[in-house]
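Dear colleague,

Please find below the structure that I am handing over to you.

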Amino acid sequence: MGGVGFVAGVLFVLMGMGRWQEDRNPGWLAASVIVALFTLISGLASLFRRGK
């Protein structure tokens, strides 16, 4: 995952959490959590791949 993808993932999570707080739609919460986990796992995998 490149830097642009990581920043886009973080921005989507922040936007989704804000939308969830506004209208309490569980879809936004679920999407935000899924993207947050994907971004975290991909970022860590990219970090460890670079270290080798």
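Helices here are DSSP runs of H or I with at least four residues, and they are numbered from the N terminus. Please note that this is a predicted model.

Overall form

The protein chain holds 2 helices and 0 strands. Helix H1 covers residues 3-23, and helix H2 covers residues 26-51. The C-alpha trace spans about 45 × 15 × 10 Å along its principal axes. The radius of gyration is 13 Å, whereas a compact globule of 52 residues would have a value near 10 Å. Of these 52 residues, 13% count as buried. The chain exposes about 4000 Å², and 74% of that area is supplied by carbon and sulfur atoms.

The nonpolar patch

Ala-8 and Thr-39 are 31 residues apart in sequence, and their C-alpha atoms are 9.2 Å apart in space. Ala-8 belongs to helix H1 and, at 43% relative accessibility, counts as partly exposed. Leu-40 and Val-10 are 30 residues apart along the chain, with 9.2 Å between their C-alpha atoms. Leu-40 lies in helix H2 and is exposed, because its relative accessible area is 52%.

Aromatic rings

The structure holds 1 aromatic pair. The ring centres of Phe-12 and Trp-28 are 6.5 Å apart and the planes stand at 40 degrees, so this pair is tilted. Because Phe-12 lies in helix H1 and Trp-28 in helix H2, the pair ties together parts that are 16 residues apart in sequence. Are these two residues buried, partly exposed or exposed? Phe-12 is partly exposed, at 29% relative accessibility, and Trp-28 is also partly exposed, with a relative accessible area of 24%.

A further ring is that of Trp-20: Arg-24 lies over its face, at 4.9 Å from the ring centre.

Yours sincerely

Conventions:
Residues are numbered from 1 along each chain as its sequence is written. This is a predicted model: local features need pLDDT of at least 70, side-chain atom pairs count only at pLDDT 80 or more; totals for chains, interfaces and linings use all residues. Side-chain values use heavy atoms; hydrogens and water are left out. The radius of gyration is taken over C-alpha atoms; the globule rule is 2.2 Å times the number of residues to the power 0.38. Buried means under 20% relative accessible area, exposed over 50%, partly exposed in between (1.4 Å probe, protein chains only). Accessible areas come from the Shrake-Rupley method with a 1.4 Å probe; for residues, only the protein chains shown count as cover. Rings of Phe, Tyr and Trp (its six-membered ring) pair if their centres lie within 6.5 Å; planes under 30 degrees apart count as stacked, over 60 as edge-to-face and the rest as tilted. A charge sits over a ring if NZ of Lys or CZ of Arg is within 6 Å of the ring centre and within 35 degrees of the ring normal.
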